Amino acid sequence: MQGGKFAMYMRKILLSALLFGGAQTTIAQEPQFGEPATQADIDKRFWAVFPDGENLPDGQGTAVAGAMLFEDNCHACHKNPPDEPSELDPEDAADVLFGGHGTIGTDGSLATVGSYWPYSATVFNYVRRAMPYTAPMSLTNSEYYSLTAYLLYKNGIIEENTVMDKDSLPKVEMPNKDGFVSAYPEIPEKYRTK
Amino acid sequence: MTDKKTMIVDATDQVAGNGLMSRRFFMNSALASTAVVAGGSAAFAQETSVGEGQEDWTLYPGDDAPEYGDVSQFEKGRVKKFVAPPVGGRTASSAGRTPLHMLHGTITPSGLHFEVTHHGVPDVNPDIHKVVIHGMVDRPLKWGVEDLENYPTVTRQYFMECSGNTRVNWAQPKPDQNFMYMTHGLVSGSEWTGVPLSTLLDEAGVSPDAKWIIAEGGDSGSLSRSIPIEKAMDDSMVALYQNGERIRPSQGYPMRVLNPGFEGNTSVKWIRSLYVTDKPVMSRFETSKYTDKLHDGKSLQFSLEMDVKSVITRPSNAIELKKKGMYEITGLAWSGKGKIAKVEVSADGGRTWADAMVEGPVHSKMLTRFRIPWMWKGMPAVLQSRATDEFGQVQPSRKALLAARGKKAYYHYHAVHSWSVNARGKVRHVYA
């Protein structure tokens, strides 16, 4: 809406320039200062990986390799429950990545990659861009596939030797895939306050 | 001469129970000072300099104009954000909450605007930072700060609220007694200036099949959210300025998305990629985080619009009543859908309500201040405010909100907040 108003405003200005200023050259009706973006410009900034596998890179890995990578790069901050319980608010416990299956909605709810995340590709999407916390993007795509495989394996979702790559990863179904209801554009009637 | 203390109050001045008063009390009461300067025809026995008894700052010239002004040294350390101590040696996310009870008006000073970061505040160099628009567009384009400066800008006042604001009120069995910036400080108001996102999208030429825009920031977690295309084409902007100056690093310097009325983290800071597509990306911040767990085991996702909400900032648990008398109850109201239409206040725990004065101009999707005079007679009271927006959305009671969503939602708590005042003027947060 604002865009429309602005377009009108700019057209008026340019129109009066044409009428009264006698401008001869053809100029765009709206300001245009964007420069063409090259593929390299885009690749540098675009990390999004979609549930259907769009934009997943080449490379592959299994939980076997992932276990070692996890020990070296992740275990310092992420616990191995139940031996190592979370120190954080259980409602916001990003330090625990395993377990909690079937607890969502109950009093002892523990939301983890395994119990809560609806899409397998989101694991790769987040871990690659953001982890290890102090050195994000520091590993290779195959190492990130291995870590993703390890997180899924430790949550009982795939086998230890299942290869994760751009074809197999998006096919992995998560236990809580049907756990979400969209509130956009409207919150379902059921959850509105009366 | 009648002074304020002896102003006559009769029953007709009461607009609701337990001392809520007609607003005439603050509109035209005799606030003018009636102090009489003590006349002194002193003898000139012993003359001293006329400055005797004055403070140093009256007697000596002060500092020269600085290049960038600062608050008084006496305000430093007093007026500050509530910064949560790190958990287990590191924080999950880092948050600074606005000290609402110390501020007035509706604009939050930029340095006191709340901030939540999941991966810290990056130090972005504006000379090399660019944002790209790509995907389902005719022409993928990029812009630096200097390029964006050339466009006609819009300047608007908007509130920003983290959907985790007031989250402790969902499940915590006992009402939180930290000062109110702990419960409510993840909301602030600013004047934002930027280029409408629609201007940039139009320039790139968006496909009619586009439905979502995937925003990614340049922080060390490349924070990412999906924004509905209708929103992007309506009132979203790429903001460059906050309260007249370039936005602060913690707010996304040198450029951020601003989605008015939407939950804060969708307004992706340090924005560097806007991918136009037909589906949401389902990033961690719209699946693992910022989804609202319901009583039936399901979770609400894309609860983007912030709800109608209000809170009394004064009195509040950080501001106690020292003696009986006339006070002003004041606070803030806001709605992610539009303008605030009405704020009601109760002093008797919701038995009776009176309309507070809503201070204009009222801006859409912006903090709105309300006020109402209150005669505190030294009796226990429960103070509450309840906002209604121009679309008729009414702020619910805590009971009604919990009945609809359960106690686990974590995000989007927006129920009526209650302050109890006891006979000694001590103010506490209660569930009522």
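**Where the parts meet**

Trainee: How many salt bridges does the rule find across the interface of domain 1 of chain B and domain 3 of chain B?
Mentor: Keep in mind that this is a predicted model: local features need pLDDT of at least 70 and side-chain atom pairs count only at pLDDT 80 or more, while totals for chains, interfaces and linings use all residues. Residues are numbered from 1 along each chain as its sequence is written, chains are lettered from A and ligands numbered from 1 in the order written, and side-chain values use heavy atoms, leaving out hydrogens and water. A salt bridge needs a side-chain nitrogen of Lys or Arg within 4 Å of a carboxyl oxygen of Asp or Glu. Across this interface, the rule's count is 0.

Trainee: How many residue pairs are in polar contact there?
Mentor: A polar contact is a pair of N or O atoms within 3.5 Å; within protein, one must be able to donate a hydrogen and the other to accept it, and sequence neighbours count only if both atoms are side-chain atoms. With both residues at pLDDT 80 or more, the number of pairs across the interface of domain 1 of chain B and domain 3 of chain B is 6.

Trainee: Where do these domains run, and how many residues does domain 3 of chain B give to the contact?
Mentor: An automatic or database assignment sets the bounds: domain 1 is 4-47, domain 2 is 115-298 and domain 3 is 309-430 in chain B. Contact means heavy atoms within 4.5 Å. Domain 1 of chain B contributes 14 residues, and from domain 3 of chain B come 22.

Trainee: Which residues of domain 1 of chain B lose the most area to domain 3 of chain B?
Mentor: Buried area is the accessible area (1.4 Å probe) that two parts lose on being put together, summed over both. Between these two domains of chain B it comes to about 1,300 Å², with 66% from carbon and sulfur atoms. On the domain 1 side, three residues together account for 47% of what that side buries: Asn18(B), Leu20(B) and Phe26(B).

Trainee: On to the chains. How many salt bridges are counted between chain B and chain A?
Mentor: The contact takes 74 residues from chain B and 66 from chain A, and the two bury about 6,200 Å², 56% of it on carbon and sulfur atoms. One salt bridge pairs Lys279(B) with Asp52(A), their closest N and O atoms being 3.3 Å apart. The count between the chains is 5.

Trainee: Which strand of chain B is joined to strand E2 of chain A?
Mentor: Strands here are DSSP runs (E, at least two residues), numbered from the N terminus, and two of them pair if DSSP finds at least two bridges. E2(A), residues 180-182, runs parallel to its partner over 3 bridges, and Phe180(A) stands opposite Ser299(B). That partner, residues 299-301, is E17(B).

Trainee: Which strands are at the edges of that open sheet?
Mentor: Its order is E2(A)-E17(B)-E16(B), with mixed pairing. E16(B) and E17(B) pair in the antiparallel sense over 2 bridges, and Lys293(B) also stands opposite Ser299(B). Each edge strand pairs on one side only, and the two are E2(A) and E16(B).

Methods
Helix = DSSP H or I, 4+ residues; strand = E, 2+ residues; numbered from the N terminus.
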